[in-house]
Amino acid sequence: MSEPPSYTDATAPRPLALPVFEFLNGKRVILASASPRRKALLNQLGLRDFEVIKSGFAENLDKTAMSPYEYVINTATQKALEVYKKEIEAEKEPALIIAADTVIVSRNQVIEKPHSSAEHFRMLQSLRDEEFPHKVFTAVAVIAPMEEPVHPGYRLETHIEETRVYFSKDVSDEFLTTYVASGEARDSAGGYSIQANGALLIDKIVGDYNNVVGLPLKSLVQLMEKVIFPDDIEPDYE
């Protein structure tokens with residue numbers, strides 16, 4: 001009887017032997033985001049050969065004219081469509097485009113990236129002092145071109161994931177000042193990175209951890225299966 005492989009012999013993760021990953025093997029998969037966090041999460045799924053093409057969508061939708069749900073889903077959708085329209089005429093058209101947008105909502109207000117160190121500090125201070133947890137919404141939009149010449153020529157599926165985040169009440173202003181000075185999360189919605197030192201700000205979360213990082217993986221895989229195998233029965237991962 002042969003010995004099982006050792007953990008010390010393990011290499012980088014490989015995709016699970018799911019039909020969706022087998023279908024995508026050797027095809028163009030595009031992540032419409034320059035976020036290193038989203039790139040790392042796709043690597044965690046075992047995907048290696050995807051391309052990173054940042055969307056040129058301006059992300060300037062009017063937050064006052066729509067709910068946070070509408071804002072984040074519309075932004076993610078427009079990111080995906082912008083890259084799709086640009087790449088669909090390429091010599092090798094993409095098989096899948098993945099886009100996402102993450103926002104934090106506190107007191108029903110959308111909070112995105114801080115624009116200065118002073119704003120960064122006030123943002124973290126407000127999240128700490130808020131009576132209720134804030135919510136992290138990540139909208140995911142995936143597009144797969146259709147073989148049939150049917151308008152609009154692609155399948156689009158979207159999903160919004162919600163996670164509640166409880167900041168620790170005993171984090172001092174001095175700690176917040178030090179965290180802001182580190183520059184760790186100056187480009188992150190809400191001004192903290194839960195996968196790094198920002199974890200020291202958090203008491204607990206309720207929901208998908210990867211959603212707070214920037215890409216809910218379980219929901220992403222389900223969306224991929226919907227656009228690639230639309231006639232199949234939706235798998236149940238519960």
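## The largest pocket

The largest pocket has a volume of about 690 Å³. The model behind this value is predicted. In the lining of the largest pocket there are 31 residues. Arg37, Arg38, Lys113, Asp187 and Ala189 lie nearest the centre of the pocket.

What kinds of residue make up the lining of the largest pocket? The lining divides into 12 nonpolar, 9 polar and 10 charged residues. Four elements each supply at least two residues of the lining: H2, strand E3 (96-106), strand E4 (109-111) and helix H6 (209-213).

## Helix H2

Helix H2 covers residues 36-44. Which residues of H2 are buried? They are Arg37, Arg38, Leu41 and Leu42. Seen down the axis of H2, these buried residues fall within an arc of 140 degrees, so they line one face of the helix.

The buried residues of H2 have several packing partners. They pack against E1, H3, E3, H6 and helix H7 (217-228). Just after H2 comes glycine 46, with a positive phi of about 100 degrees.

Side chains of opposite charge can pair when their charged atoms come close. Arginine 37 and aspartate 187 form such a salt bridge, with their closest N and O atoms 3.9 Å apart. Arginine 37 lies in H2, while aspartate 187 lies in the loop between helix H5 (173-182) and strand E7 (202-206), so the pair ties together parts that are 150 residues apart in sequence.

Arginine 37 is buried. Aspartate 187 is partly exposed, because its relative accessibility is 34%.

How many salt bridges does a search of the whole structure find? The search finds 10. One of them joins the side chains of arginine 28 and glutamate 51, at 2.7 Å from N to O. Arginine 28 sits in the loop between helix H1 (19-24) and strand E1 (29-31), and glutamate 51 sits in strand E2 (residues 51-52), so this pair ties together parts that are 23 residues apart in sequence.

Is arginine 28 buried or exposed? Arginine 28 counts as buried, because its relative accessibility is 11%. Glutamate 51 has a relative accessibility of 29%, so glutamate 51 counts as partly exposed. The pair belongs to a network of salt bridges that links Arg28, Glu51 and Glu87.

Another salt bridge brings together the side chains of lysine 135 and glutamate 162, at 3.8 Å from N to O. This pair links distant parts of the chain. Lysine 135 is in strand E5 (residues 134-145) and glutamate 162 is in strand E6 (residues 154-167), 27 residues apart. Lysine 135 is partly exposed, with a relative accessible area of 33%. Glutamate 162 is partly exposed too, at 30%.

Which residues of H5 are buried? They are Leu176, Tyr179 and Val180. These residues cover an arc of only 100 degrees around the axis, which puts them on the same side of H5. On the other side of H5, the exposed residues are Glu174, Thr178 and Ala181.

The buried residues of H5 pack against H4. Just after H5, glycine 183 takes a positive phi of about 75 degrees.

## Histidine 120 in helix H4

Helix H4 spans residues 117-129, and histidine 120 lies within it. Histidine 120 has a relative accessible area of 2%, so this residue is buried. The cut-off for buried is under 20%.

What does histidine 120 touch, leaving aside residues up to four places away in sequence? Its contacts are Pro114, Tyr179, Val180, Ala185, Arg186 and Gly191.

## An exposed loop residue

Alanine 58 is in the loop between E2 and helix H3 (68-87). Alanine 58 is exposed, because its relative accessible area is 52% and the cut-off for exposed is over 50%. Threonine 75 is 17 residues from alanine 58 in sequence. In space, the two residues are 9.1 Å apart, C-alpha to C-alpha.

Terms used. Residues numbered from 1 in each chain as written. Predicted model: local features only at pLDDT ≥ 70, side-chain atom pairs only at ≥ 80, totals over all residues. Heavy atoms only, no water. Buried < 20%, exposed > 50% of the residue type's maximum accessible area, 1.4 Å probe, protein only. Contact = heavy atoms within 4.5 Å. Salt bridge = Lys/Arg side-chain N within 4 Å of Asp/Glu carboxyl O. 1 Å grid on protein atoms, 1.4 Å probe; cavity = no way out; pocket = protein on both sides within 12 Å on 5 of 7 lines; lining within 4 Å. Points joined across faces, edges and corners; volume = space filled by probe spheres on them. Nonpolar A, V, L, I, M, F, W, Y, C, P; charged D, E, K, R; others polar. Arc of directions from axis to C-beta.
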